[in-house]
Structure formats: structure tokens, C-alpha cells
Amino acid sequence: MTSRNERIINYLGIDYSGFVDLQKKWAEIYFKEYSKDIEKKASSERMMVDLNALIGEVLQVYLEDRFRNTNLVTANNISSIVDISTGLGFKFKGPPAAAGKQQFYLEVPAKVDPAGSYAPDMRYAINFKNVQLQNTNGIVFEALEDVNFSLVNISSSLNSKVSKRTTDGTPTHFVLKTEAEVMAGKTVIETFDIGSYQPLRKITLANKNVLQILSCEDTDGEFWEEVDYLVDDVVFEGVRNSAVDSEDVPYVLKIKSVPKRFITRVDPITGATSITFGNGKSEDIGTSIVPDPSLVSLDLKGKLSFAVPMVDPQDFLKTRNLGLAPTNTRLTVTIRVGGGKITNTAANSLNSIISRNTDFASSGLSVTEVNNTISSFSSRNLLPIEGGDDAPTIPELKALASANFAAQGRVNTREDYISRILSMPSIFGQVFRVSPATMCNAGGGVQVYLLAKSGRGYLTPCSSTMKKNIKTYLSRVTRMAQGIDLLDGKIVNVGIEYSIVVLPGYNKSEVKFNTLLKIKEHFSINNWQFRQPINLDDVRCLIKETEGVYSISELKVVNKTNTIDTLGYSSEVFDVKSNTRNSIVYCPSNSIFEVKYPDSDIKVGAI
């Protein structure tokens, strides 16, 4: 017989029936005189057993849930997943908004230039600020930059066309076209009155689904900057470029110190955005980032032995290393709110301009023409504007957090360098192709080959300002001792010459034209990368697949250099024959093939 001193507790009884069975066995041993009433449904003993089993099951489920939500893989509560992801360095954001390029048009009067030709009168080229648009579904979009028609290159027929003529054909007006980035959302201003000093002060914005915090200004006119972590004491800043390459690189990228900074966090349940500031006082702005040792070191008072001390962590936080805390001021926070799949907009459905401000000098100009010019301001999205989506689901959030943790926010692999450089905002220079070299430089650093595209769509080396911007951009994600050499990639200009045999009954000119369309598309520079070879068999297949082509009598690749028939090419000399094996023309690792002038560099004959 089992005695009271023998424990029979089974810790595996983790469900309701298990808890009931465990209590029955316990009662049979220790409370045998009452155990006979346990089977009676209306007895007080049975009620006690059922209540205990219910409490045990609830506690078990609660403990399991809490334990499950301590691990990213097993967690199923979105708040817990966001907390874990934040600890792994991933920043949760709300629903993103659609964004894209929008075309804008303005009709201006014509004038006669010094050469006697008619051209747009650029005195009427207005700069429109704070432009807001609305699509056919009522979603508001905002231009992220000024729509400045004074910057339009009127020498290009793509940007300037005659829109009105007199009866004798004399141009009277031109239409100017420009592009600007737009994003769904509305700009909203919130204000907060801040009292006495409070470290790590936290404020919560009233508006939900905040896409961006555009600015945070205090009553002294100073701005607080958003950073990823409060220990980040610098941010990137764009400064207008005044060098000769300003057209291709409008801004120079600089690093700016920001003692006044904050971080943001989005609540995954409510969608509310909170702002947390630093813990420093304004009078500490000049103190060292590293705490003064005299404030935290132990005073032994002549002793050489001491016990393990108790250290207050706050002693190490009483500097500006986490940024300053706002004190006795009013903060004006400008935000953009919106987002979600609903913001995705089909082509030609974002045409209504609902708000804009003008910025130009109208003195000396015809009032009637000025008013007509302003009223002619119009817009159209030729392509869909997409990118809007719902907030990430739990599986998506887990995948994003895991990928972010694996990346560690550093550039290590070849793909890291490519993605980082290509992600640099275009106002600091638009890199077209990137190719990190497999070999290091003499100092063990990384060599990266770069190429940009000119305004006419031709490959061109990156300017010196663009390279400086790239180095600055990478400086925050590369190792301290790692050197980076940004080198100009080599451009190998080539031409394609081929002859075809046309089937009887087909128009030779039409068949030739159809093959040319395919070859031009194949050799469009947007389809080519560094070290990508030319597969002649692929070219043959494209030609043979064209209706009316019987066979190919000749196909060759020719190198074009310097100046040929007034057309300028790169000076790179390339031996096609020695680099061709098994119908593949191999490209050097630091080079890219370019058919620069498709209309003249692709030649076709027909038999």
C-alpha cells in the first residue's frame, strides 16, 4: 500500500483529463474516505476536482503560450514577434504606400531665340511646390520634390514639343514635360508640449499608419533627426552640388552629427507610432561621448584590495551618447500618413491636381499668359504606381526578421556591395552597373567597378562626386580598416552584322525589319551586365524564330572604337576573334558590352 511519504505526482498530466486522473489517484491515497464521492457528478468533491483541473489546464496553456512566444520560430503572437525582431535589429513598419514616377506638363508661350528659331519662353517655366494629386479612387498623393519646369532640358524633343501654332504654322506655345517622384499619403502636423527634463522621453503620435516623419522641430527652430538606434550619433545629409557634374549628381552626400535625435517604433496591434528621445541634458552637449572616468571609477581611499562592487548602470548613461532629451519646449512633428494596398494606382488614373503652390518671378510678364500657364499645369501617370501593401503577416515578419539578422547590416559578400551601391538615393548619383572584383587591392581592400548612364542613355564612367558619395554611403556599413577602390568599368562597344536568307513569298524589307527589332531588344543596354558574354547561338535563334527567315548566311560581332562616321565610341580595343570560343564571345570581368547606336551598329543584309 502506498504511504503518504511516497510522492506519486505525475508532472506529465498537462491536459484536463490528466489533471482529473492525477487528483483521483491522490485522493485514493491521502483522502480515501472522501474519494468514493468523487465519481458523483453533483458532489462537492467532484466540483473541487473539476475546478482544480480547469485551473491547471488554464495555467498550463498560459505557460506554454508564454514560452512559445520567447522564440522567433515558435512565436505566434505578433507583439512578441515584433519585440524579438526588434532585439535582432529588425525595424517593424506599418503598411507601405504606393510610390513611383509621375509625369507633369506645362504649356508656355513660344519665343524666337538668337538663332532665329522658335523655342519655349523659359521665363514662364514655373516651379510648383507642395503638389498634391488624387486618383480616381480618392486616394491622395504628394510629390516628394518640387515640380520645377525651369530645369527641363528643352533641347530634347522628349521634354519640349510645339503644342499650338498659328494658321500659317508658326509655333505660339510649347508643352514642357518633367517627372517627379510621388507617394500616396497626406502631410499632417502634430504638436507636443514638453515640460521638465525626463530621460528617454516617449511621445505617441495621434495619427495611425505613419509612413514618414518628415521633420521634428522645437521652439528654438532646431531640428531633431530620426536614427535607427539612439547610439547612432550621425546621419547622412544632402548638400547641393555646385561642381560641373551637378546635372548628373544634384547633391553631395555628407555625414552630419546629430546630438538631437530620436527613434520610432510602431505598435503592431494599434498601428500607433511612438517617438523616443535620448537621455542627455542640454548642458551636457559639449561633454565627451565616453563617460568621465572620475565619475564612475571606484575610490579605494588608500586600499589595494576590494570586494566586487555594485555599479549603477545609470552612471554610464549620463552623457550625450544616447542623444539629448527635449526640455521645456514645444515640438512640431510633421508626418505623412497613409499606406496599404488601396494606394496602388493603375496607369492613367492619377490625373487630378488638387493642390499646389507656385514659386517664380512673374514681374515683367504678361498677366494673362502667366494665368494661362498656371492653369495649363497638368499631370498623368503613364505607368501604374505600385508598392502599396498591407502590414507584414506573422510568417512574413518572421522571414524578414531572420533575413535582417543574417545580413547584420554590413557589406561582406559581392551581392551586398551590389545591392548597397544600387540602393543609394538617385539624387546623389545614379549608378547603373556594379561589379565587385574577385581580387583585392594591395591593401586587402575591395575593388568595385562602376558605370553610370548618360542623359542620352549611353554608358559612361561615374563622376568623381558620385564616387565620393558612394564611399560616404558605404562608410557606415563597412569595416573600419577596409579600403574600397571605386574603379571605372571598361565599355566595349560592339556592332552586330548578319545576313539572312528570306523564304520565297515574303517581303525582304519587312522580314529584315522584324529581325532588327528583336536584335535591338536583345542588345538593349538594360539587359546587359558586367562580364556578360554574347552567345551567338542565342542571337541565331532570335533571328531564325522570325517569320520569313529561312537561314542565316553570316553573323559576326565587330569592335567599334574612338570615332567612326562622326559617331563617338569608347577607346577600348577588343579582339573579338581571340575571345570567341564555341560561339560565345567572352567579356572581360571588368567590362561590359554595349551596342551604343543600334540604328547604325546593327546591320542586316537579305538574300
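How many aromatic pairs does the structure hold?

**Solution.** The structure holds 11 aromatic pairs. Rings of Phe, Tyr and Trp (its six-membered ring) pair if their centres lie within 6.5 Å; planes under 30 degrees apart count as stacked, over 60 as edge-to-face and the rest as tilted. This is a predicted model, where local features need pLDDT of at least 70, side-chain atom pairs count only at pLDDT 80 or more, and totals for chains, interfaces and linings use all residues. Residues are numbered from 1 along each chain as its sequence is written, and side-chain values use heavy atoms, leaving out hydrogens and water.

**Exercise 1.** Classify the pair of Phe236 and Tyr473.

**Solution.** Start with the rings: their centres are 5.8 Å apart and their planes meet at 40°, so the pair is tilted. Next, find Phe236 in strand S12 (residues 234–240) and Tyr473 in helix H9 (residues 464–474); the pair therefore ties together parts 237 residues apart in sequence. Helices (H or I, at least four residues) and strands (E, at least two) are DSSP runs, numbered from the N terminus. Finally, Phe236 is partly exposed at 35% relative accessibility, while Tyr473 is buried at 16%. Buried means under 20% relative accessible area, exposed over 50%, partly exposed in between (1.4 Å probe, protein chains only).

**Exercise 2.** Name the residues that ring pairs link into a cluster.

**Solution.** Look for Phe104, Phe128, Phe149 and Phe377.

**Exercise 3.** Count the disulfides (pairs of cysteine sulfur atoms within 2.5 Å).

**Solution.** The count is zero.
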